[in-house]
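Welcome, and please have a look at the model below.

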Amino acid sequence: MVTCSETSAHLIQDESGTCVMSGRQVDKRLLRRSAISGQTVLKKYIRHCKETGLAALPAELDRCVGSGKRIDRRLLYPCTVSGKQAQKRYMVKSDVTGAWMLENSAKKSQQSGRWCEPAYLAHCPWTGQDLVPDEVEECAITVVEFDKGLLDEDGILGPMGPMLDGRLHTRLQLQRQA
């Protein structure tokens with residue numbers, strides 16, 4: 001005989017089960033099963049995923065920062081920038097690394113509209129635009145990154161070309177020939 005710790009009813013062994021949250025033996029009819037883990041708990045401990053409606057233990061749910069709802073943890077992904085959890089529909093994929101980020105944590109190229117992590121974003125001092133790495137290149141003279149489209153075939157910032165004197169231009173040509 002087992003005594004139900006909830007109702008104090010006397011039960012045979014087959015009529016009782018253990019609540020994984022409290023560790024107590026109770027009448028099986030008082031238990032509910034998590035659809036996520038299959039573990040059984042007293043009905044008062046069961047929560048429901050706000051996305052799927054599935055019964056779950058509290059520890060099997062987490063808050064989605066995109067919706068603010070507590071949902072099945074298996075539906076959440078970490079933002080590589082902030083570490084916050086959200087469903088992919090609230091995220092964007094980096095065009096540089098392929099990582100998922102919350103849109104408000106990600107940065108976008110002002111030229112192409114492609115997404116990347118803030119650490120990868122480059123700033124062109126000439127145009128003032130924020131660009132993804134493959135849209136910039138170092139100027140051969142200044143060694144500063146500029147929008148690729150502003151560099152000439154020698155890798156020099158285009159507007160600087162007319163300012164170069166003959167000696168400097170000749171030196172670059174000699175370096176290219178060597």
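Let us begin with a charged pair: Arg 29 and Asp 27 join their side chains in a salt bridge, with N and O 2.6 Å apart. A salt bridge here is a side-chain nitrogen of Lys or Arg within 4 Å of a carboxyl oxygen of Asp or Glu. Arg 29 is exposed at a relative accessible area of 65%, whereas Asp 27 is buried at 8%. For these words, buried stands for under 20% relative accessible area, exposed for over 50%, and partly exposed for what lies in between (1.4 Å probe, protein chains only).

Before going on, a word on the source: this is a predicted model, in which local features need pLDDT of at least 70 and side-chain atom pairs count only at pLDDT 80 or more, while totals for chains, interfaces and linings use all residues. Residues are numbered from 1 along each chain as its sequence is written, and side-chain values use heavy atoms, with hydrogens and water left out.

**Salt bridges**

How many salt bridges does a search of the whole structure find? The search finds seven, and three of them are set out here, including the pair above.

| Salt bridge | Closest N to O distance |
|---|---|
| Asp 72 and Arg 74 | 2.7 Å |
| Asp 134 and Arg 114 | 2.9 Å |

In the Asp 72 pair, Asp 72 is buried at 3% relative accessibility, and Arg 74 is exposed at 53%. The bridge between Asp 134 and Arg 114 links two loops: Asp 134 sits between strands E18 (130-131) and E19 (136-138), and Arg 114 between strands E15 (107-108) and E16 (115-116), so the pair ties together parts that are 20 residues apart in sequence. Strands (E, at least two residues) and helices (H or I, at least four) are DSSP runs, numbered from the N terminus. Both partners are partly exposed, Asp 134 at 42% and Arg 114 at 26%. Through shared partners, salt bridges join Arg 114, Asp 134 and Glu 135 into one network.

**A buried glutamate**

Glu 60 is found in the loop between strand E8 (55-56) and strand E9 (61-63). Beyond four places in sequence, Glu 60 is in contact (heavy atoms within 4.5 Å) with residues including Ile 36, Gln 39 and Asp 72.

**A buried phenylalanine**

Phe 146 belongs to strand E20 (residues 145-147) and is buried, with a relative accessible area of 7%. Not counting residues up to four places away, Phe 146 touches, among others, Cys 124, Trp 126, Glu 135 and Leu 157.

**The whole chain**

The protein chain has one helix and 20 strands, and buried residues make up 31% of its 178 residues.
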